[in-house]
Amino acid sequence: MPYLLGEYECLLDSKSRILMPVALKRQIPPEAQDKFIICRGFEHCLTVYPLNVWNKLTENLSSLNFFEPDDRNFVRSFQRGAIEIQLDSASRLLLPKQLLSYAGIEKDIVLFAYADRFEIWDKDAYNHLFLDEPPEAFSERAKKVMGNKDKQQQ
């Protein structure tokens, strides 16, 4: 599966739609059939999965032990508010108002693509969390997260 890549600034229109950037749309696998699942993400963003990716993910979720409270509650939290959305004929996605409220999104947004999904962020929140971080903090996080992986790859 090819990985999605890019950071795209978009505007939410008066009907709560965004225009899918052409560069991102080209990266979506055909098996998604222009259908997506949107749900609450971490740190108050929205996460959008191509439908084929979501189907694989829910297969993994179904292997969790539903007799375990942590497993049940994780699935409930993860899938809370999830809904299928589809590109319209003008390559727009209609975003549910309750999810927009969760993410604090009003007008200016950033789509951040990574791995097999993309996130939708309020632009100010995205800039505050990631772009305003001093280079030293990013360096320390890189060391913490990736430091030992470099040795494993050599």
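Is R92 buried, partly exposed or exposed? I looked it up: R92 is partly exposed, at a relative accessible area of 26%. My cut-offs are under 20% for buried and over 50% for exposed, with partly exposed in between (1.4 Å probe, protein chains only).

**Ground rules.** I am working on a predicted model, where local features need pLDDT of at least 70, side-chain atom pairs count only at pLDDT 80 or more, and totals for chains, interfaces and linings use all residues. Residues are numbered from 1 along each chain as its sequence is written, and side-chain values use heavy atoms, with hydrogens and water left out.

**Salt bridges.** I counted a side-chain nitrogen of Lys or Arg within 4 Å of a carboxyl oxygen of Asp or Glu. The count comes to five. One of them joins E9 to K123, with the closest N and O atoms 3.0 Å apart. E9 sits in strand β1 (residues 6–11) and K123 in helix α5, so this pair ties together parts 114 residues apart in sequence. I took helices (H or I, at least four residues) and strands (E, at least two) as DSSP runs, numbered from the N terminus. E9 is exposed at 58% relative accessible area, while K123 is partly exposed at 24%.

R92 has a salt bridge too: its partner is D88, and the closest N and O atoms are 2.8 Å apart. D88 is partly exposed, at 28%. I also noted R141 with E133, at 2.6 Å from N to O. R141 is partly exposed, with 44% relative accessibility.

**R40.** I found this residue in strand β3 (residues 35–40). R40 is buried yet has no salt bridge. The nearest side chain of opposite charge, E43, is 14 Å away; Lys and Arg count as positive, Asp and Glu as negative, and His and the chain ends are not counted. What does the side chain of R40 reach at 2.9 Å? I see the backbone oxygen of R80 there. Leaving out residues up to four places away in sequence, R40 touches C45, L46, T47, R80, G81, L99 and Y102. Contact here means heavy atoms within 4.5 Å.

**Lining of the largest pocket.** I listed 20 lining residues, and G41, F42, T47, Y114 and E119 lie nearest the centre. Elements giving two or more residues to this lining include β4 (46–50), α2 (51–62) and α5 (123–131). A pocket is an open set of points on a 1 Å grid over the protein atoms alone, where a 1.4 Å probe fits, with protein on both sides within 12 Å along at least five of seven lines; lining residues have an atom within 4 Å of a point.

How values were computed. Polar contact = N/O pair within 3.5 Å; in protein donor to acceptor, adjacent residues only side chain to side chain.
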